[in-house]
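This report covers selected local features of one protein model. Please look at the sequence and the structure before reading on.

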Amino acid sequence: MTDTTTERIAALLSEGLTLRSRAQIEATFPARSLPPGAEVMRVPPSPTGFVHIGTIYAGLVNERIAHQSAGVFILRIEDTDKKREVAGSVARIVEAFDYFDLQYDEGPIREGAYGPYFQSQRGDIYMAYALELLRSGRAYPDFATPEELQATTAAQQAAKVRPGTYGKWALWREKTDEEVTAALDAGTPFVLRFKSTGSHEKRITYEDVFKGRMEVPENDLDVPLIKSDGTRLPTYHLAHVVDDTLMRVTKVFRSDEWLPSTALHIELCQALELTPFTYGHFAPISILDKNGGGKRKLSKRKDDEANVEFWIAAGYPVEGVKAYLLGLANSTFEDWYRSNPSVSLSEFPVSLEKLAASRAPLLDMAKLQDYCKDYIASLPQDEFNKRLIAAQTNKDFKHALEVNADYTNKVLEIERTGEKPRKDLAKWEDAFDNYAYFYDQLFTKDFAPQILAQLEDIDTKTVAHACAAFLESYDPADESQIWFEKLKAAAEKCGFATDNKAFKANPEKFVGNVADFARIVRVKLTGKNRTPDLTAIMRVMGIDRIKNRLQ
């Protein structure tokens with residue numbers, strides 16, 4: 001194209017924008033003043049829906065690498081795809097990072113000298129680089145219609161060749177100046193494409209932080225640089241190269257899905273005379289398919305666990321989730337964690353070598369819940385009470401917990417001390433099932449209706465007889481051993497076996513064994529088959545509540 005045509009295209013692309021030269025732009029983003037070895041890391045989520053737990057995983061790794069090296073951690077919002085942007089998504093991203101205590105140094109709300117941190121606010125910056133590519137002959141306008149592009153794709157499929165715009169399939173790559181001018185005169189819409197000089201038959205090598213030395217085909221794709229949707233915002237390819245250069249990012253960690261684009265990004269850097277980045281491509285979090293399909297990527301569409309709001313709503317403790325995610329990132333974490341129970345997670349030194357060895361980290365909910373149970377069980381009583389009550393979304397339960405602080409404290413103290421404290425709660429949502437039965441209104445509404453089903457193998461007369469016999473001798477002042485001896489005596493009186501060998505030898509002679517008798521008392525008091533120590537529960541409930549539930 002002639003210079004005249006090129007400038008005409010440049011004027012159309014930049015109409016209404018206040019442009020600066022590349023030199024002027026780069027002067028406003030100087031080298032950072034950081035100590036040797038400091039890393040500048042970033043996480044760039046898109047506001048196109050809910051926040052994926054994988055974004056938190058990536059954020060945690062990037063934050064640790066940045067801060068343990070005395071570097072900078074950036075949260076950048078990649079909001080160039082306006083058609084897919086979902087209202088409120090940016091707020092959800094910020095809230096998720098705050099909830100998981102991922103302390104970014106620069107980003108939304110925390111403006112730094114290298115912003116703006118919303119890509120939609122950096123359009124003039126990208127345009128300056130796009131126009132430089134145009135003027136240097138490394139970009140061209142593509143006036144192909146949607147129908148022509150569809151026909152090209154169909155022809156490629158029929159020929160069984162790679163899809164994309166390259167070589168003879170790049171319809172406007174070699175058009176004459178006259179053809180371009182005619183299209184401009186006709187007002188035909190166009191997209192600005194990168195003009196690759198690569199060959200898919202040749203190969204390049206680069207070092208990946210996690211995968212080591214990589215040898216891949218050169219890029220030959222003429223990808224769009226500026227979107228054709230009227231926003232004049234960049235595609236990911238141009239935005240990534242420009243932003244990570246100007247923000248002085250030292251390592252670009254991203255999901256494996258971007259691995260095929262790395263050769264393109266290296267070529268874009270070279271075309272703009274920029275230093276290519278140090279990349280690290282990691283496998284996304286996987287999950288075992290519930291339908292027996294084996295291991296697969298954690299899916300936004302299929303898995304509730306993919307959504308950060310699932311973790312927040314259920315009340316999984318942040319510290320437990322982060323501990324589990326650090327365990328996915330580094331195999332050495334668990335030993336460190338067990339050896340340093342009172343040390344902040346921020347003190348764990350994330351190893352890039354161990355991260356490289358973490359292939360397709362698997363979300364194991366049972367193990368994650370163990371981390372959470374351990375954390376919740378380790379909380380001092382006051383902190384445990386405070387966090388449990390604050391996390392409740394059931395208004396009736398929360399009110400019950402708050403209305404009598406002394407009673408609630410006794411309830412929540414049960415079996416939380418000693419060498420082996422109970423670990424019933426993996427998330428704060430579990431509190432209702434574990435504690436709500438202590439409160440009469442909630443017991444009547446949510447637990448008492450379960451009693452018949454829990455005791456369906458024992459006739460109602462036997463249940464009534466057992467409760468009456470137990471109450472006859474029950475004394476709240478009894479120590480545990482005396483309490484148990486009295487329970488055995490009441491069980492024997494009602495025809496239950498107190499000798500397990502005798503019961504096994506002649507089960508037909510007995511109504512049941514002593515465990516069945518205790519189960520009657522437990523279920524009548526709590527509506528549950530499994531609870532903490534029954535004597536401890538009864539001491540907290542008090543004699544009046546016990547009589548009301550057993551009579």
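## Basis

This is a predicted model, in which local features need pLDDT of at least 70, side-chain atom pairs count only at pLDDT 80 or more, and totals for chains, interfaces and linings use all residues. Residues are numbered from 1 along each chain as its sequence is written, and side-chain values use heavy atoms, with hydrogens and water left out.

Helices (H or I, at least four residues) and strands (E, at least two) are DSSP runs, numbered from the N terminus.

Phe143 lies in the loop between strand 3 (139-142) and helix 6 (146-159). Phe143 counts as buried because its relative accessibility is 3%; buried means under 20% relative accessible area, with a 1.4 Å probe and protein chains only.

Leaving aside residues up to four places away in sequence, Phe143 touches Glu148, Trp172, Val180, Ala183, Leu184, Thr188, Pro189 and Phe190. Contact here means heavy atoms within 4.5 Å. Between Phe143 and Gly187 there are 9.9 Å from C-alpha to C-alpha, at a separation of 44 residues in sequence.

## Strands 3 and 4

Strand 3 and strand 4 run antiparallel and are joined by four bridges; two strands pair if DSSP finds at least two bridges between them. Pro141 stands opposite Leu192 in strand 4.

In a regular strand, side chains alternate between the two faces of the sheet. Strand 4 (residues 191-194) is covered on both faces: Val191 and Arg193 are buried on one side, Leu192 and Phe194 on the other.

Technical notes:
Buried < 20%, exposed > 50% of the residue type's maximum accessible area, 1.4 Å probe, protein only.
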